[in-house]
Amino acid sequence: MFVMKPFRIHTGLAAPLDRPNVDTDQIIPKQFLKRVERTGFGQFLFYDWRFASDGSPDSSFPLNDPRFSGASILIAGKNFGCGSSREHAPWALADYGFRAIIAPSFADIFANNSRKNGLLPVTLTDDEVAYLMKQARESAGYELTINLEDKIVTDADGFLARFEIGDFERYCLLEGLDDIGLTLQHTADIEAFEARRISFAAMRSA
């Protein structure tokens, strides 16, 4: 069973993916969408870019670079997550180990699906993303801290950028609540309603 992890303050290795308009079919190709669970998709993330036609890793792709092994923050180009609305895209990113994606812009449906699955999309300016991209490429072990409580991104060298997120989406991420979790917060009210409904049905049939 999927349990959404709270996102409050996360520090992690940053990996660069300097490509605009990365669509969901590149994030997780359609031939891998046969699973019904949310897990198991990470191994197929960016499959057509990570692997050559013979199945061997493509050494030119950033995530195959040993420097970015274990990265949990992806720095990407504009319009990340465009294309179809498949929820498998954030599933694959999260299953691979990413907790956040930083980009100048995101496709709306992808961003919404990500937040509902505990993956934080962070929108920064073009210049801020370009700086982070350069640092990730050129600085070994480059880490970022994403503070959702204060809505800031920082690094150890003094970089600080602020980002915006809706209050409701922020609350859900901070508390680790997906749609099911939100519903379960009202378990007592649901049970009371069901008890009244059963009692009323019994009275009508008596």
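Visitor: Which residues form one aromatic cluster here?

Guide: In this predicted model, one aromatic cluster is made up of F32, F44, Y47 and F51.

Visitor: And how many aromatic pairs does a search of the whole structure find?

Guide: The search finds 13 aromatic pairs. One of them joins F80 and F106, whose ring centres are 6.3 Å apart; their planes stand at 80°, so this pair is edge-to-face.

Visitor: Where do F80 and F106 lie?

Guide: F80 belongs to the loop between β2 (73–76) and α3 (88–96), and F106 to the loop between β3 (100–103) and α4 (108–115), so their pairing ties together parts that are 26 residues apart in sequence.

Visitor: Are those two buried or exposed?

Guide: Both F80 and F106 are buried.

Visitor: What about Y96 and F98: is that pair stacked or edge-to-face?

Guide: The pair of Y96 and F98 is stacked, with 5.5 Å from centre to centre and 20° between the planes. Y96 is partly exposed, because its relative accessibility is 29%, whereas F98 has a relative accessibility of 2% and counts as buried.

Visitor: On to charges. What sits over the ring of W49?

Guide: The charged end of R19 does, at 4.3 Å from the centre of the W49 ring.

Visitor: New topic: the backbone. What is phi of N21, and where is N21 found?

Guide: Phi of N21 is near 55°, a positive value in a residue other than glycine. N21 is found in the loop between β1 (9–17) and α1 (24–27). Most residues other than glycine have a negative phi.

Visitor: And what is phi of K151?

Guide: Phi of K151 is near 60°, also a positive value. K151 is in the loop between β5 (143–147) and β6 (152–154), and at 21% relative accessibility K151 counts as partly exposed.

Notes:
Residues numbered from 1 in each chain as written. Predicted model: local features only at pLDDT ≥ 70, side-chain atom pairs only at ≥ 80, totals over all residues. Heavy atoms only, no water. Phe/Tyr/Trp six-rings, centres within 6.5 Å; stacked < 30°, edge-to-face > 60°. Helix = DSSP H or I, 4+ residues; strand = E, 2+ residues; numbered from the N terminus. Buried < 20%, exposed > 50% of the residue type's maximum accessible area, 1.4 Å probe, protein only. Lys NZ or Arg CZ within 6 Å of the ring centre and 35° of its normal.
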